[in-house]
Amino acid sequence: MKTCYIFGAADGLPDRFKKNEEDLVIAADSGINHLEKFGAPPDIAVGDFDSLGFVPDCGEVIRHPVMKDDTDTMLAVKTGFERGYDRFIIYGGIGCRPDHTFANYQTLCYISRRGGRGYLCFNGYTACCITDGEMNFTAREGTLSVFAMSGKAEGVTLRGVLYPLESTVLSYDFPLGVSNEFTGKPATVSVKKGTLLVIWQGSADAPE
């Protein structure tokens, strides 16, 4: 499956990185500095480049004004959608500012509600949003948490985990879905109506 990789300026980088020919790599502002470490120039650099301090010299540059509504990561996501991609893996999207981290969780929600699938990868964990759908995991260990990203997430079902749920309603004001665990068996997370933020221990390669 072809993938749009987005590199931000914050923490949460892979140990190594190599794209396939059909993949698209976008640097969000100073995320281009991370790509230089891998010797992988971006296909596109997007942003206002205020944190980078200069306009990069790469294949394609899309410059936006500093005074704008979209974050640089959101601009990169919109560019990926425009180029025909609906699977996104975001690195460098978790840092010391919790507001930026939460903005990237909302970006995952944006991707999901438009029919795509986005993965925010950081320090051995992955976050993803699903809307009116499901996510299947192969047999594995580690933690799993789910949170409502809409007022209510209805018909939430968790199977193959330590604390299963069946057609449960989760709300944004109570963290019922935090700190679950995989049990070494295949697992499924599904929601009939609404959007779930799913955070698990492991890579973005595990779910389907």
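Which residue in strand 11 is the bridge partner of Val 156? I looked it up and found Thr 168.

Entry 1, ground rules. I am working on a predicted model, in which local features need pLDDT of at least 70, side-chain atom pairs count only at pLDDT 80 or more, and totals for chains, interfaces and linings use all residues. Residues are numbered from 1 along each chain as its sequence is written, and side-chain values use heavy atoms, with hydrogens and water left out. I took helices (H or I, at least four residues) and strands (E, at least two) as DSSP runs, numbered from the N terminus. I call two strands paired if DSSP finds at least two bridges between them.

I noted an open sheet with the order 8-13-10-11 and antiparallel pairing. Strand 8 (134-137) and strand 11 (165-171) each have a single partner strand, so one side of each is left without a neighbour in the sheet. Neighbouring strands here are turned by 20° against each other on average, direction ignored. Angles run from 0 to 180 degrees between N-to-C directions, with axes as lines fitted to C-alpha atoms, for helices over the stretch in contact. Strand 10 (residues 152-159) is joined to strand 11 by 4 bridges.

I then checked Tyr 163, which sits in the loop between strand 10 and strand 11. Leaving out residues up to four places away in sequence, I found Tyr 163 touching Leu 158, Ser 179 and Asn 180, where contact means heavy atoms within 4.5 Å. Thr 183 is 20 residues from Tyr 163 in sequence and 9.7 Å away in space, C-alpha to C-alpha.

Strand 6 (residues 117-122) and strand 7 (residues 125-131) are antiparallel over 4 bridges, and Cys 121 has Thr 126 in strand 7 as its bridge partner.

Among the residues Gly 142 touches are Asn 180 and Gln 201.

I found 5 in the structure, each being a side-chain nitrogen of Lys or Arg within 4 Å of a carboxyl oxygen of Asp or Glu. One joins Asp 43 and Lys 19 at 2.8 Å, N to O. Asp 43 lies in the loop between helix 1 (32-38) and strand 3 (44-47) and Lys 19 in the loop between strand 1 (4-7) and strand 2 (24-28), so the pair ties together parts that are 24 residues apart in sequence.
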